[in-house]
Amino acid sequence: MIHANENYLKIQASYLFTEIAHRVKAHQDAHPEAKVIRLGIGDVTEPLAPAVVAAMHKAVDDEASRETFRGYGPEQGYPFLRDAIAQNDFRKLGVDVEPDEIFVSDGAKCDCGNIQELFGRNVKIAVPDPVYPVYVDTNVMAGRTGANSGGRYAGLVYLDGNAANGFVPSPDDLDADVVYLCFPNNPTGATATKTQLQEWVDWARGRKALLLFDAAYEAFIRTPGIPHSIYECDGARECAIEFRSFSKTAGFTGVRCGYTVVPKGLCAWTEDGSPVELRPLWTRRQTTKFNGCSYITQRGAEAVYTPEGAAQTKATIDFYLENARIMKEALRGLGYDVTGGTDSPYLWVNVKGESWAFFDRLLKEANVVTTPGAGFGRAGEGYIRISAFNSRENVEEAVGRIAKVLG
Ligand code: MLT
């Protein structure tokens, strides 16, 4: 008899965004005439930058000729892209990350989900609440938790983000071995200052813990002084892995490309206290289970770092940030407290009530899809997340409809 991995039975039947998609489909089926505006999942709407498209077309031509054809590429990514990342995303910040510490992949979601394979079954995991569900669910699947009770898994440590701490939990008195952090934050849109991140790094170094830093939204940071990378903090190379994504930076949600930085010398420990370097482990994991991101995609990602590509992708992010500004101003005008939306594509709105009920109300009465905060954890109850990824026309239309329902 085949035994199932019963850890899967502990998690909710469907992933948050799948559940939302079901509710939206049911609404759309019941009201086929409704023009639904989607401000739920953080999926981009603007097309790829022309410089990226041109680079991908050229890469297709490379694949069409015997002389330039590429088969399997290096699992860790082509040197042309790893060099461009090291130079533009890190050295320009004055941060020391070498190309061979960068592992190109098909996206940050996969890497955030897979990284836990490197850790022992008994490590104590801490996650923020509200939280991007991938950090939690992948550890549940791996058997690191007990049952879910009241929206929380036994064995996980939850770090509450709330209005009182500006949605930036601090490490005070925390007992954990691995901590997931995400800034600019998904779902709250909050950012952490350098002092706050340095506190986390000092805490992690002090107790041989590891920070898993998800920086998928760093390209939205416009406020000077807010760190774009955890490695801007002193000592972070000794205690942090960083995840980055081209999805929101350059519209690659459908194309798929991201990367993970695992610094040389970064260690975990065996039961008997011997250090084990994580970079060779991640190399082994990737070379065994992953065959690399496609050549065409990596050429497209490389083009993000050309002067034209950088200007074009920045213009698109500015466009989404202006969407966020418009919605934030409107919601504040309606009397709602809103976090995020300044250095982030997400608005985190205190709805002064139950979040799934508010989600359903906006869906049914305004034909606008949002994301209920409770779907991100117990501390998300009472909030909804609104994404700024849409056309200006739809954002303005949605703001008008929401004002009519809530005004
Ligand atoms: C979100 O809406 O939270 C993200 O789009 C999900 C993801 O990046 O996987």
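Modeller: Across the boundary, 34 residues of domain 1 are in contact with 44 residues of domain 2, where contact means heavy atoms within 4.5 Å. This is a predicted model, in which local features need pLDDT of at least 70 and side-chain atom pairs count only at pLDDT 80 or more, while totals for chains, interfaces and linings use all residues. Residues are numbered from 1 along each chain as its sequence is written, and side-chain values use heavy atoms, with hydrogens and water left out.

Domain 1 consists of 6-47 + 311-406, and domain 2 covers 53-307; these bounds come from an automatic or database domain assignment. Taken over C-alpha atoms, the centres of domain 1 and domain 2 are 25 Å apart. About 3,100 Å² is buried between them, and carbon and sulfur atoms give 59% of that area. Buried area is the accessible area (1.4 Å probe) that two parts lose on being put together, summed over both.

One salt bridge is counted between the domains. In a salt bridge, a side-chain nitrogen of Lys or Arg lies within 4 Å of a carboxyl oxygen of Asp or Glu. The side chains of arginine 222 and aspartate 318 form such a bridge, at 2.7 Å from N to O.

On the side of domain 1 that touches domain 2, at least two residues each come from α10 (307-333), β13 (338-340), β14 (346-350) and β17 (383-387). Helices (H or I, at least four residues) and strands (E, at least two) are DSSP runs, numbered from the N terminus. The largest share of this side, seven residues, belongs to α10.
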